[in-house]
Amino acid sequence: MRPSLQKKLLLTLALLVLLGGSSPAMAAAGGSSENPLVTLSYLKTTFTELILRQLDEKLEAAREKYSKAMEEKISAYRSEMTQLSAGGGSAAFRAVELKEGSKLTLHAGSELVLREGTLTLGAGEGLLDATGGQMREGGSLVKNHLYLAGETSCTMTATGGKVTILLRGTME
């Protein structure tokens, strides 16, 4: 054999021995059922604790954010209700009794519910019947329907004996 061919053959053989001898070590480093890459104890302790800690931090940050936003909304609502009560309006319905023949002028934005008796709208007057979902122009109001006064005030007359209404807003 020629010397260069011998060197090539010897070099190839040495390379095969090196690669063949190191392959079990490479296979063992890749993990197996006896020696996995990630151990079960690592997953149960370190990794799980890390994930749970991160989750708790994110939940706490979200809770603080939404709690603050909710507190601001509640504060704004309370302030608005205080202003309504102080400004002549009312945040709650109040009962009002009228005698037959008496007139009632409901101001814009006010609400009423007829509970007893008969109330008749004047000609050309209109109220939004929120319960029935339509505009009521003239005629008698329906009992237990919620009515809203629009942009202008609205005049009604008590025509059926004693009249009881629930009112939220202002009237004359």
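Leaving aside its neighbours within four places in sequence, which residues is Ile165 in contact with? They are Arg94, Ala95, Val96, Leu104, Leu112, Val113, Leu114, Arg115 and Leu119. Contact means heavy atoms within 4.5 Å.

A word on the ground rules. The model is predicted: local features need pLDDT of at least 70, side-chain atom pairs count only at pLDDT 80 or more, and totals for chains, interfaces and linings use all residues. Residues are numbered from 1 along each chain as its sequence is written, and side-chain values use heavy atoms, with hydrogens and water left out.

Start with the overall layout. The protein chain has two helices and eight strands. Their order from the N terminus is α-α-β-β-β-β-β-β-β-β. Helices (H or I, at least four residues) and strands (E, at least two) are DSSP runs, numbered from the N terminus. Take the contacts between residues at least 6 apart in sequence: 71% of them join residues at least 24 apart.

Next, burial. Of the 172 residues in the protein chain, 17% are buried. Buried means under 20% relative accessible area, exposed over 50%, and partly exposed in between (1.4 Å probe, protein chains only). The chain exposes about 12,400 Å², and carbon and sulfur atoms supply 60% of that area. Accessible areas come from the Shrake-Rupley method with a 1.4 Å probe; for residues, only the protein chains shown count as cover.

Now the core. In soluble globular proteins, nonpolar side chains tend to be buried together. Here the largest nonpolar core has 18 residues. Those with the most contacts inside it are Leu112, Leu119, Leu127, Leu141, Met156 and Ile165. Two or more residues each come from strand 1 (94-98), strand 2 (103-106), strand 3 (111-116), strand 4 (119-129), strand 6 (146-149), strand 7 (154-158) and strand 8 (163-168). A nonpolar core is a set of buried Ala, Val, Leu, Ile, Met, Phe, Trp, Tyr and Cys residues joined through side-chain atoms within 4.5 Å.

Strand 8 has pairings to follow. Strand 1 and strand 8 pair in the antiparallel sense over five bridges. Ile165 in strand 8 is the bridge partner of Val96. Strand 3 also runs antiparallel to strand 8, and five bridges join them. There, Leu112 has Leu167 of strand 8 as its bridge partner. Two strands pair if DSSP finds at least two bridges between them.

Glu111 is buried, at 15% relative accessible area. Arg168 is partly exposed, at 25%. A salt bridge is a side-chain nitrogen of Lys or Arg within 4 Å of a carboxyl oxygen of Asp or Glu.

The whole structure holds three salt bridges. Another joins the side chains of Glu97 and Lys162 (3.7 Å, N to O). Glu97 lies in strand 1 and Lys162 in the loop between strand 7 and strand 8, so the pair ties together parts that are 65 residues apart in sequence. Glu97 counts as exposed at 57% relative accessibility, while Lys162 counts as partly exposed at 43%.

Glu60 forms a salt bridge with Arg63, and their closest N and O atoms are 2.8 Å apart. Both residues lie in helix 2, three residues apart, about one turn of the helix. Glu60 is partly exposed at 34% relative accessibility, and Arg63 is partly exposed at 46%.

Together with Leu37, Val38, Leu40, Tyr42, Leu43 and Phe47, Ile51 makes a nonpolar surface patch of about 660 Å². Patches are made of residues with over 30% relative accessible area and no salt bridge: like charges are joined within 9 Å, nonpolar side chains (Val, Leu, Ile, Met, Phe, Trp, Tyr) within 5 Å.

Two residues remain. Thr105 sits in strand 2 and is buried, at 17% relative accessible area. Beyond its neighbours within four places in sequence, Thr105 contacts Ser153, Cys154, Thr155, Thr170, Met171 and Glu172. Asn144 lies in the loop between strand 5 (134-140) and strand 6. Asn144 is not a glycine, yet its phi is positive, at about 65°. At 45% relative accessibility, Asn144 is partly exposed.
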